[in-house]
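The stops below are meant to be visited in order.

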Amino acid sequence: MKIIPIALRNISRKRVRSAITIGSMAFAGFIMLFFAALGQGMLYTMEQNAVGVYLGDIQIHAPGYRSDPDLYTRVPDPAALVDKLEKAGFHAAPRLYGFGLAAASGNSSGIWMRGVDLIREPKVTLLDRQVMEGAWLSADKPKEVVIGKKLAYTLGVKPGGEIVVVSQAADGAMANDIYHVRGILKSVGDAVDQGGFLMVDAEFRRLMGVAEGTHEIAVARVDKDRILAEAADTVASLAPGMEVKTWRDLQPVLAKMIDVMDISLLFMLFIAYSAVGMVILNATLMNVFERIREFGVMKAIGVTPPQVFSLIMAEAVLEAVIANVLALGAGIPVVRYFEVHGIDLSNFSSGASLAGLALDPVWYCKLNTKALTMPVWFMFAVVLAAVIYPAMKAALLKPLDAMHHQ
Amino acid sequence: MPLIRLSDVTKIYGAENKHPFTALAGVSLQIEAGEFAAIMGPSGSGKSTLMHILGCLDTPTTGEYHLEGDNVDRLRGDQLAAIRNKKIGFVFQGFNLIPRTNAVENVELPMLYSNTPPEERRRRAAEALRRMGLAGWEGNRPNELSGGQQQRVAIARAIVNDAPLILADEPTGNLDTKTSAEIMELFVRINREEGKTIILVTHEADIAAYSRRIIRVRDGLIVDDERREGR
């Protein structure tokens, strides 16, 4: 027997019942898609905050620098290494670091100076897009700096404000100069927020007397689907003798937390989907009970139990297919909208951080393969699981009992 | 070889219970192909149980049932379903048409599950309806047909697969006298012109009078088996 045309015919025959069943399944699918996309968006934003704004996918340091961030421990010849990395399918940005003391308006604070490569850094991270007030660094204005949000508060400065910086240069002499605040970053992480003092790399070299080498090279995969561990191996082979770490190695707590959240998200989805499963089970059971006499007649005229079972399963799967099409049709545009606009929760929470990285108070959806396929597969799984019992019940009905069912 | 041969068939409901009910107490019966027989009896006599066993809708507790020479009393559910589909057409008192499904689709139903091509299915269903005097009513749903018309659709469904045996359980029970007579004339015609074996269950003597054999059942036993001239 050709089960699909018969199932389709049965679905179209009982239009109202089918519309209610498919409608409730489609609504559930829509909610599941939105929920999954929101969850994926949250994880993606967290990872982006870690990787895209701050860390980069991979970092290269001279051996020992991470345990003792010394001004003299540098990666030699960074230009050549960056060139090799770019040829191997990576973006790479050299960074310089130093510590100092900043004073402004009678306030002072320790600072963590960072020399930024203005051409390469935007290819590796989105730091240049995190400016909350004022503007990003400019090569034409080397005496203008971008500082962290909390540092600006501590020093009591706003864009245009003056800051005096004192440090010890590489040659042991005192390094000091006056800078003007060009921009203030929004919250990106505790270290940057409290002490971040970003300047043009050439100015850093001048101030600190660092002529050669660099303290860190941040690397980003051009192809984001490239496996991180394999990419790190490639980078390590291009930077022999250097310490190569992935962002997961650099922020193990955050990496673990994202992994746990990913699993807990699955668990939450399972709970939400199970509730949806009950709706589907109920709709399917009602459908079967409503048609018991019909199944009795079908069996009396020679339809076999496996045929009845297959027919009910096919009807449910077809309804799930239609419901999924509707759910995706309605859900994808909505998710796409919230991918761009986000849900702003800044009135309820702002400045929260996790493992030293700021949490974005705006929740965005992220429509990746997982968010798209998980609700679809789950709906099919729930439908099949939910329909087995009523299908078995209908298949095992005795024709006489079914025909006399009241 | 008789079309139907029952040998000492019993049917006991709740045999494992303290108070089992014996619906058939040892029935032996032979019906030849082409016969038109009526099973009569008061309520609770066992006539419907006998009909259900003849229709492979139920199985005997003991005894043997041979249909066209094949022993069918111990077959599995799917094997019985195949026999019902190929060898037996049913007509029920309550018509038992599928709601929200038009007449021709109701008649197609037995062929729907047996790989008959759609065009062939539609042609045979329309032809069966025409023979029942329902040409032009193919697209009407059960709620758009009178009781008599619904029963004609049910008869068309019973004959569409060309089954040799038609079983009718109180086929006129829900119909008025005039319509009952029309329906019975249809059975007579199917029996005479197409040679189908017809067995009907009824408690009405004037309906049984259309048949050429009346089997009377009481307390689970055949108490009388009368062969006669039908109308």
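**A loop residue in chain B**

Begin by selecting B:Glu170, which counts as buried because its relative accessibility is 10% (buried means under 20% relative accessible area, exposed over 50%, partly exposed in between, with a 1.4 Å probe and protein chains only). This is a predicted model, in which local features need pLDDT of at least 70 and side-chain atom pairs count only at pLDDT 80 or more, while totals for chains, interfaces and linings use all residues. Residues are numbered from 1 along each chain as its sequence is written, chains are lettered from A and ligands numbered from 1 in the order in which they are written, and side-chain values use heavy atoms, with hydrogens and water left out.

B:Glu170 sits in the loop between strand 7 (165–169) and helix 6 (177–194) of chain B; helices (H or I, at least four residues) and strands (E, at least two) are DSSP runs, numbered from the N terminus. The phi of B:Glu170 is near 45 degrees, a positive value in a residue other than glycine. Most residues other than glycine have a negative phi.

**Helix 1 of chain B and the residue after it**

Next, select residues 47–54 of chain B, which form helix 1. How many of its eight residues are buried? Seven are, and the helix is mostly covered. Colour the buried set: B:Lys47, B:Thr49, B:Leu50, B:Met51, B:His52, B:Ile53 and B:Leu54.

Just after helix 1 of chain B comes B:Cys56, with a positive phi of about 60 degrees. B:Cys56 belongs to the loop between helix 1 and strand 4 (62–67) of chain B. With a relative accessible area of 3%, B:Cys56 is buried.

**Helix 7 of chain B**

Move to B:Ile207, located in helix 7 (residues 205–208) of chain B. B:Ile207 counts as buried, at 4% relative accessibility. Draw a distance from its C-alpha atom to that of B:Ser180: the separation is 8.0 Å, for residues 27 apart along the chain.

Show the side chains of B:Arg122 and B:Glu108, which meet in a salt bridge at 2.3 Å, N to O (a salt bridge is a side-chain nitrogen of Lys or Arg within 4 Å of a carboxyl oxygen of Asp or Glu). B:Arg122 lies in helix 4 (residues 118–131) of chain B and B:Glu108 in helix 3 (residues 103–112) of chain B, so the pair ties together parts 14 residues apart in sequence. Over all chains, the count comes to 41 salt bridges.

**Salt bridges in chain A**

Turn to A:Asp262 and A:Lys370, a salt bridge whose closest N and O atoms are 2.8 Å apart. The pair links distant parts of the chain, with A:Asp262 in helix 10 of chain A and A:Lys370 in helix 13 (residues 369–396) of chain A, 108 residues apart. Both partners count as partly exposed: A:Asp262 at 21% relative accessibility and A:Lys370 at 31%.

Then select A:Arg120 and A:Asp117, whose closest N and O atoms are 3.4 Å apart in a salt bridge. Here A:Arg120 counts as partly exposed at 29% relative accessibility, and A:Asp117 as buried at 10%.

**Helices 2 and 10 of chain A**

Display helix 2 (residues 15–55) and helix 10 (residues 252–290) of chain A, which pack at an angle of about 180 degrees with their axes 10 Å apart. Axes are lines fitted to C-alpha atoms, for helices over the stretch in contact, and angles run from 0 to 180 degrees between N-to-C directions. Helix 2 and helix 10 of chain A are therefore roughly antiparallel to each other (the term applies to angles over 145 degrees).

**A nonpolar patch on chain A**

Finish with A:Leu101, in strand 2 (residues 90–104) of chain A. At 45% relative accessibility, A:Leu101 counts as partly exposed. Together with A:Val164, A:Val166, A:Met174 and A:Ile178, A:Leu101 makes a nonpolar surface patch of about 420 Å². Such patches are made of residues with over 30% relative accessible area and no salt bridge, nonpolar side chains (Val, Leu, Ile, Met, Phe, Trp, Tyr) being joined within 5 Å; accessible areas come from the Shrake-Rupley method with a 1.4 Å probe. Strand 6 (162–168) and strand 7 (174–185) of chain A are the elements that give two or more residues to the nonpolar patch.

Definitions and conventions:
Angles under 35 degrees count as roughly parallel, over 145 as roughly antiparallel, 65 to 115 as roughly perpendicular and the rest as oblique. Patches are made of residues with over 30% relative accessible area and no salt bridge: like charges are joined within 9 Å, nonpolar side chains (Val, Leu, Ile, Met, Phe, Trp, Tyr) within 5 Å.
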